[in-house]
Every structure is written in structure tokens, then in C-alpha cells.
Amino acid sequence: MRGRLIRRLFGSLMTGATYGAAALAILPLAVILGMLLVKGAGSLDWNFFTKSAVPFGESGGGFANAIVGTLIIVGLACAVGVPIGVGIGVFLAEFGGGQLGLAIRFVADVLNGVPSIVIGIFAWTWLVKPMGHFSALAGGVALGMILVPILARTTEEMVRLVPNSLREAALALGYQRWRTSLQVVVRTAAAGILTGCLVAVARVAGETAPLLFTALGNQFFSTRLQGPMAALPLQVYVYALGPYDEWHRQAWAGALVLIMLVLVLSLVARTVVRAKRQHA
Amino acid sequence: MTDVPATALEPLAPKPTAEERWRALRTVSRGDLIYRSVLTVLALLLPLLVVLIAVELVSNAMPAVHKFGFGFLAHSTWDPVRGQFGALPLIFGTLYSSLVALVIAVPLALGCAIFLTEFAPRWLRTPVATLIELLAAVPSVIYGLWGIFVLIPLLRDHFWPVARHVLGELPIFSGVFYGPSVLAAGVILAVMVLPYITAVSREVLLAVPPSQREAGLALGATRWETVTTVILPYGRAGIIGAVILGLGRALGETMAVTMVIGNRHEVSASLLQPGYTIAAAIANEFSEAVSDMHLAALFMVGAVLFLITIIVNTLARVLVWRVARGSAVGSTAI
């Protein structure tokens, strides 16, 4: 048996170590944000947001094509993924008590862990190969497929937070079950579901791998869904690997814009969700 | 006055027969039936998607399966020009870089989870947890960018010149260090999986009943001893699940790894040498595949990756669900 003092000292030491672990875990976030601000902020000017990429050698140029491309592709992803994902979430919350619900929940979690590049290949076989060319549409569908399992789980959680008394009140007033579910329960959870969408969108907006062989990327400004389209993370990737300092400078600026987009979305969502959980 | 027209009242209050009431009940439930069917069909899309992905990967990989068979997994030549494909370096690199990531991330993540549930002052818990979760929100390509321009120079110019005096003799640190390497990939992956492992282990530790904790303290254990002898053993299954979940993330991570691992088809035990992973190979070669066989080979490694991540995630979910049954554990880390 060790002495009491030694045991307590060891305990304090290890407690201190957990403080250290937490500090060390947060350090990369601080360093990354700091570097992005230092290296990226200087290149953010009017041209960056209004001009498209230019061939190397010409001065100027910006990320306008990539920013618009990301907005379009993410918009497409929402059009595909949100109705299906939210629908599955409502199913899990309303009818997910049995074996089927358990199985679907399980598949959603497993699908959530499937690498996004595999989803990218799948979208390629279904949309790019039959159509014969890369397209923004395929990129949007690929991101949409990633949205679905995430949304299913967050929606389920949000719908479950709705107090049962609301449902009972609606049923007692003679509402049919489906109308109770849609117009009372889901509507009450709407704010929560929306924030779930924000979190999910924040995640897919930064996805690069599924776009590599679907949207492909595009040097020029394009809003054609049938053709290749630029996207913010894709352009950051290409510019970061490129050999020119000018490209690296713009890659940092693009990364800064991307992370702002993602962090603002997820921080807003997180605060709302946290507030809701505490109320429930 | 006595002969009130009966017809004026009758339509207002018809006496429904049993059959009519039954019909009325059935028409009410038709909406419910449609609602439920639509949602069920949507839900069934998920398993369908998994099956479709598997079918597409396997059927597109068939040419490579027929030509190379299982030897595909054991050979290490990858020569698209001569049509020779062996996936050993890719599989090895995928597992090796993920293992390095876990060795770095697991102690840190456990420390964070213990800190957040046991030791941190209450006011500090939410902000620290949020900051760690935000690590998971940083896009992978930004980690890659940071890896190329910050981490690799840091490792090459500051870490290794000092560390070589201590570690230089070990076989896993042999050879010349140029920068892009399994080590760099492992460090980046560690940062990327840390928030997942932390978030899930934290929820597992939170699920440990307070009575267990109190019993430990009442027996005279210090708070740290309570953690190691009571709380961690109680949540062991869930914590192992959390680690495996982190492994699943690391195995499939693409962009950041592609940017720092060096992308060379080679099996080397040295952490300082470049390597390659399945996901990175697909990212680099897929849209520029030189032949149908090349494409089939990429599909085959894709199928292998898919299979591995499905197994790993299934295992993780089973372990985590045992502790926190059916709840969306880890969903906060998304």
C-alpha cells in the first residue's frame, strides 16, 4: 500500500495531465485558425470575390467561380438530401420503435462512417459514367447522399424532444395521426430540424473527395449543372498542390473563406441545439 | 306543430350503422397509412443505398478480380502502364497511418474525455467540449493545406533534428526524412479523429451511474483512482467502441492524407518514408485511369475499403450501443 501523500500527489499529477491533454487538443484549432487569418486575410480583396480563376502568369483572379460553384452544388445536395434525410428522421422518431427502426438506425450510423470517397465513386458509376461527362449535378447528388444519414439521426433526435403532451392534445382534439405528426410534432421541431440541416450542410460544404470525379472542378465561371463546376474545397486543393506562390496565397485565402462558412454555420447550429436541449 | 318534418332533422343526426362507423374509421386511417408507407419507403432507401454501393463496387471490380484473384491483395507492384496491380502497399499504408493516428490520438482523447467529465470546472466544460468538437468541423482539405505548409516543415526542420538523437536508432524511424511521410499523415489523422473519439468516450463516461463514482470515493480512492479503477472499467466497451469509430474515420480519410503522405506505392516500416493509402490512390488516379484494368483495380481497392469500414463501424456501433442503447452517440461530433 502506497502512502496517502504519494497517492494524492499522483492523482494531482494525472489530473494536471488531463488539463494538458485538453489544452493540447485545442491547440491545433487555434494554430489552424491563426495561420488561416495570418496567411489568408491579406489576400481577401474585392477581386477575390468577384473574379474567377485566371491562368498562371496573368495577375489578379479570384475564387468567384469556386464560391458560386460551392453554393450551387451544396444547394443541389440539399434539394436531394434534405427531404429524404428529414423523412427518414421522422420515420425513426415516429415509427422507429420496432426492429425495422433499430435496423434503419444502425444502417444510418454505419453509412455515416462510409468514407466520402466511396460515395464519390458510387455517384460516378450512376451519374457520370452513363451521362458520359462530369457534372455539377453528380457532385450535388454525391453530397446529398452524404447528407441523408446525418440528417436522419439529427432529425430523429429533434423530433423526439417534442413533449408528448402536445401530441396527446392534438389527438384529443380529433386530429388524425398523420396530421398530428406533420402539423404539430414536426412543426414544433422545425427549428431544431433546420439547425440539424445547418450542421450537416457545414459538413458537406467542406467535402472535397466526393467532388473529385463528379463535379471535377472548373477554371472558368460556370453555372451549368450538366457540366463540370468549380467548388471552394476543390480549388483550395488544386491551388495548394500547385507549384506557384501566387496559387498558395490564394489557397490560404480560399481556405479562410471556407472555414468561415463552415464555422459560422456549425457554431450557430450548435448554440441553438444546446439551448433547445436544455429547455427540453 | 306536432308534425315537425322529420326529414329536416334526420340528415343532421343520422344514426350510423355499425358498418358505416367501421367505414368512417377506415377512411380516417387511410391518411395515416399513406403517411406511414411513404416514410417507410424513404427509410428503406438507406439499406438499399448500402446494397447498391456494394453491388456497383464489386461489379466494376470484376475484371480485376478475374485477372488477379486474391493475389491482388498480396502483391506490391502497381504499374498502370504494364497493367500489373497489387494492392499490398495501399492496404498496408491505410492500416499503418491509421494505427499511428490512434497511438497519438487515443491517450489524448481519453485525457480530454476524462477532463471534461471528471475534473474540469463546470463553467469550462461546455466551451472546451465545443472547441474540441469544432476540430471535427474543419474541412479535410484545410488540414491538408496546413499539413503541407506548416506541419511538414515543422516536423522536418524542428522535430526531427532534435528527435533523431533519441529515436534515430529505432527501425520505424530509419532512413532520410524529406517531409511527406506516414508520420505526417499519422499526425494529421490524429488531430482529425481526436474530436470523434473524445465526443463518444465523453458520452460513454457520462453514462456511468453516479453511484459507481460515489462508491469508489467512499472506499477511500482518490478521484484519479476512481477514474482508473471504477469509471474506465465500467465504460470499457463503449470506449473501445469510440476508438474503433475513430479508426473507421482514419481509414477512410482522403484529402488531408493525399496531401501529406507522399503517395508512393511502397511498403516500408519506417514512419519517415512516404506511403500511400487506398483512399488517396482513388483520389489521385481515378479520374486519370489509363486503362479499364486500372479502373477495375481502383474499384477493387474501393470495395476493400468499403468492406473494412463497414466491419469497423458495425463493431464500433455494437460496442457503443451496449452502453448508450440506440442513442445517436457521437452525432454531436458531426
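**A loop residue and its surroundings**

A: The residue to begin with is A:Leu216, which sits in the loop of chain A that runs between α9 (190-205) and α10 (232-241). Please keep in mind throughout that this is a predicted model. The backbone of A:Leu216 has a phi near 70°, which is a positive value in a residue other than glycine. As background, most residues other than glycine have a negative phi. A:Leu216 counts as buried because it has 21 C-beta neighbours inside 10 Å, where the cut-off for a buried residue is 20 or more.

Chain A is built from 11 helices and 0 strands, and, read from the N terminus, its elements run α-α-α-α-α-α-α-α-α-α-α. Along the principal axes, the C-alpha atoms of chain A fill a box of roughly 70 × 65 × 35 Å. Of the 280 residues in chain A, 52% are buried. If you take the contacts in chain A between residues at least 6 apart in sequence, 73% of them join residues at least 24 apart.

The domain assignment divides chain A into domain 1 (4-43) and domain 2 (46-279), and the C-alpha centres of these two domains of chain A lie 31 Å apart. Where they touch, domain 1 of chain A gives 6 residues and domain 2 of chain A gives 8 residues. On the side of domain 1 of chain A that touches domain 2 of chain A, there are 3 nonpolar, 2 polar and 1 charged residues.

Chain A also touches chain B, in a contact that takes 74 residues from chain A and 69 residues from chain B. Within chain B, helix α2 (residues 18-68) gives the most to the side that touches chain A, with 17 residues. Sorted by class, that side of chain B has 44 nonpolar, 19 polar and 6 charged residues.

B:Asn263 is found in the loop of chain B between α10 (255-260) and α11 (278-285). Because B:Asn263 has 19 C-beta neighbours inside 10 Å, it counts as partly exposed, whereas A:Leu216, with 21 such neighbours, counts as buried.

In helix α10 of chain B you will find B:Val260, which is buried, with 31 other C-beta atoms within 10 Å. Leaving aside residues up to four places away in sequence, B:Val260 touches B:Gly144, B:Gly147, B:Ile148, B:Ile152, B:Pro180, B:Ala184, B:Ala185 and B:Ile188. By contrast, B:Gly238 lies 22 residues from B:Val260 along the chain, and their C-alpha atoms are separated by 32 Å.

Finally, consider helix α9 (residues 236-252) of chain B, which has 17 residues and reaches 25 Å from its first C-alpha to its last, close to the 24 Å expected at 1.5 Å a residue. Of the 17 residues of α9(B), 14 are buried, so this helix is largely enclosed by the rest of the structure.

Key: Residues numbered from 1 in each chain as written. Chains lettered and ligands numbered in written order. Predicted model: local features only at pLDDT ≥ 70, side-chain atom pairs only at ≥ 80, totals over all residues. Contact = placed C-beta atoms within 7 Å. Helix = DSSP H or I, 4+ residues; strand = E, 2+ residues; numbered from the N terminus. Nonpolar A, V, L, I, M, F, W, Y, C, P; charged D, E, K, R; others polar. Buried ≥ 20, exposed ≤ 12 C-beta atoms within 10 Å, placed from the backbone. Expected span 1.5 Å × (residues − 1). Domains from an automatic or database assignment.
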